[in-house]
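Biologist: Could you take me through how the side chains pack in this model, beginning with the aromatic rings?

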Amino acid sequence: MKYLFLILTLLSLFLKGYPQTFTVSGYIRDAGSGETLIGVTCYVPGNQTGGSSNQYGFYSLTLPGGSHKIAFSYVGYETRTIEVELHKNQELNVKLNEDTQNLIEVIVSGTPKDRNVEGVEMSREKIPMQMVKKLPSFMGEIDVLRTMTLLPGIQNGGEGSSGLYVRGGGPDENLLILDEAPVYNASHLMGFFSVFNSDAIKDIEVYKGGIPAQYGGKASSVIDIRMKDGHINEFHGQGGIGNISSRLTLEGPVIKDKWSFIVSGRRTYADVLGKLVGIEALKENRLYFYDLNMKTNIRFSNNDRLFISAYTGDDFFKLGESIYMKWGNLTTTARWNHIFGNQLFSNTSFIYSQYRYNLGVPENSADQFDWNSQIEDLNFKEDFTWYLNSENKLNFGINIIKHHFEPGNIGTNENSFFESLKLTNYNAINGAVYASNEQKIGTLLTVKYGMRLSVFQQIGEGKVRGYQNPEAPDAGEIISEKVYEKWEKIGSPYVHLEPRLSFKLTTGSASSVKASYNRMVQNLHLISNTNSPTPLDIWLPSSKYIKPLISDQVAAGYFLNLAGNAFETSVEVYFKDTKNILDYKDGAQLFLNENLETELLTGSGYAYGLEFLVKKQEGKITGWLGYTLAKSMRKVPGINEGKAYPSTYDRTHDVSFILNYDLNQQLSMSANWVYSTGNPVTYPAAKYDVQGNTIFYYSDRNGNRIPDYHRLDFSLTYNPKKNETRKIKRSLNVSLYNVYARRNAYSVYFRQNEANPSVTEAMRLSIIGTVIPSVTYNFNF
């Protein structure tokens with residue numbers, strides 16, 4: 001009782017002095033499709049206060065009793081002002097119409113016009129799908145992950161790489177979630193494409209810093225992707241036919257205005273068409289990928305709503321009777337929204353996520369084997385948003401995840417000369433509670449502060465080996481092995497407090513200064529010696545020998561909008577300190593290694609940088625210019641003689657320039673040019689001839705760089721004038737990837753010259769060395 005009394009006392013002090021107030025709340029939706037709109041500005045001019053809709057389109061405003069005018073504004077939609085008389089709590093659902101008067105103009109942001117300045121969040125980007133679809137595509141495939149790398153502070157590993165490097169962090173340090181379900185490998189065709197079908201995506205938010213307390217588990221960033229809910233009023237469809245794949249999306253109401261669905265599929269067809277036209281190379285070989293997104297949502301009442309969504313996708317590669325590979329993701333999310341009164345919004349989520357992969361040789365071969373591995377999550381979340389009053393918005397919740405890891409199982413038949421093998425499986429429980437408050441202090445200052453408490457416990461069934469020197473495990477010094485039963489605790493839990501803090505100080509009618517600090521703790525580790533994720537990578541949990549990765553980041557920035565919010569500008573600086581970074585011993589053997597901890601080294605790292613962005617988001621000409629100046633360093637005992645060295649993800653300079661031009665309602669053009677400093681690499685500094693064999697002596701770790709990367713892409717989209725009267729509207733997109741045929745280096749390696757073996761020559765490996773055209777036919781009805 002004393003704790004309850006303390007809470008009530010604090011709340012009474014907190015609310016002291018407030019006049020009698022009432023709450024107006026509801027959902028904000030697109031008037032046509034019924035899709036909820038995320039981040040709509042709800043502003044009350046008379047009180048100079050307001051708020052915004054959450055990730056489910058819900059808003060809540062607490063105002064003094066009396067008459068008020070509320071303006072609901074969202075880029076691409078007509079601003080709607082509604083007058084309300086508040087003498088009691090009210091429910092007000094709002095529908096916004098698209099701004100048809102400005103259809104000729106491209107609007108590249110589905111966010112409030114002044115969010116860049118007025119929002120307390122910094123280091124956050126919202127990626128509008130209408131912008132993504134206008135950018136040049138690669139082989140006809142629109143890629144949301146590729147679009148993210150055009151933003152300051154986010155880079156990838158080069159051609160054919162799906163890994164994202166955010167502010168000097170590695171590809172495993174990004175929390176990538178689709179309708180709240182983690183996606184562990186987001187690539188198709190070994191990194192050329194992502195698993196996200198743009199036709200099924202509604203909203204994308206990227207946090208590089210200032211990460212809210214409801215997110216945790218990864219050290220560098222959060223990429224929150226939300227699927228469409230489905231048109232709740234009418235049946236609609238859209239699709240496209242491109243160079244290598246086709247896609248089709250169907251959506252509509254099951255019960256109008258109450259229950260909707262969406263199904264979206266995509267598949268490559270080079271293998272099918274190749275066989276039909278008689279291409280010999282494809283008769284015994286196979287290479288394809290597919291995606292399938294499904295979602296339904298049901299409105300039981302104004303206070304209750306149920307969402308069920310699922311995604312599955314696979315890649316399959318088979319080279320005759322020599323080898324086959326298969327990998328893919330499966331996610332399922334069930335969410336229930338409930339509103340308690342007018343001020344408390346809750347979301348309950350049950351989530352399943354699996355990433356699996358197979359590698360093997362077919363059964364009729366003497367070297368037959370089948371290797372499979374997976375990571376599987378069972379996830380429960382309970383999130384609350386309490387709109388306490390016009391100055392305070394409180395978020396709190398819990399999250400519990402059961403992780404299951406299978407690093408590798410090899411099965412063989414009786415005729416194979418390989419032996420069956422099963423590596424030790426791992427299990428863990430990851431729990432967290434969090435709370436944060438966004439508080440307005442006067443008219444100029446907004447502060448958001450919070451805390452996340454995370455607990456990570458490895459559990460059985462499993463086994464743990466003991467080493468003579470636990471601080472430096474060696475495979476030749478195993479002294480014991482202990483087996484743990486199912487659900488039995490293994491060692492002590494890792495418990496961490498993760499503070500989050502950010503503030504915004506308004507410095508003018510269209511400018512502000514922001515700063516943030518966050519600590520992130522990561523307990524899942526990608527074991528890979530490549531620059532980007534591959535299907536063969538292994539995930540392991542924190543354990544007795546693998547400590548959690550801990551990252552502390554501070555950031556500050558100045559934000560300025562110009563020309564009535566038509567132009568957004570920002571400058572941000574950041575510093576990130578990271579502990580318990582994993583690296584690998586020279587010559588580390590990671591594949592099918594039962595004692596992986598013996599191949600790992602632990603150290604620290606830091607990264608800092610400056611990010612500059614200018615964005616034009618309205619008018620016939622839109623786009624942005626982004627520049628990043630950054631440094632990412634590591635220091636790991638046992639590597640580089642203990643001296644600090646550039647991390648694999650270090651990029652000194654990164655430039656992206658994106659331009660869209662709407663010539664008229666029928667024709668639009670888009671281009672992007674990118675430049676980045678070459679990847680760090682270790683070159684040989686000398687060579688020795690030992691009994692006729694050349695042995696290289698290497699320089700400092702990552703002491704050199706491959707040549708700088710740059711590329712120009714271009715696209716043209718044509719919408720026939722007849723679309724105005726057609727039921728099935730059509731468009732044609734023509735794209736040129738790598739317009740000036742730059743042979744960007746993926747890697748550089750050294751070999752002996754064939755004509756003169758005494759000469760060592762450097763060889764450049766380029767994945768793409770020519771211009772790649774693509775044509776995509778799109779339709780919707």
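Biologist: Which residues do ring pairs link into a cluster?

Modeller: This is a predicted model, in which local features need pLDDT of at least 70 and side-chain atom pairs count only at pLDDT 80 or more, while totals for chains, interfaces and linings use all residues. Residues are numbered from 1 along each chain as its sequence is written, and side-chain values use heavy atoms, with hydrogens and water left out. Rings of Phe, Tyr and Trp (its six-membered ring) pair if their centres lie within 6.5 Å, planes under 30 degrees apart counting as stacked, over 60 as edge-to-face and the rest as tilted. The cluster linked by such pairs consists of Tyr 27, Tyr 56, Phe 58, Phe 307, Phe 345 and Tyr 387.

Biologist: Is the pair of Tyr 777 and Phe 779 stacked, edge-to-face or tilted?

Modeller: By this rule the count comes to 25 aromatic pairs. For Tyr 777 and Phe 779 the ring centres are 6.3 Å apart and the planes lie at 35°, so the pair is tilted.

Biologist: Over which ring does the charged end of Lys 514 sit?

Modeller: A charge sits over a ring if NZ of Lys or CZ of Arg is within 6 Å of the ring centre and within 35 degrees of the ring normal. The charged end of Lys 514 is 4.5 Å from the centre of the ring it sits over, which is that of Phe 559.
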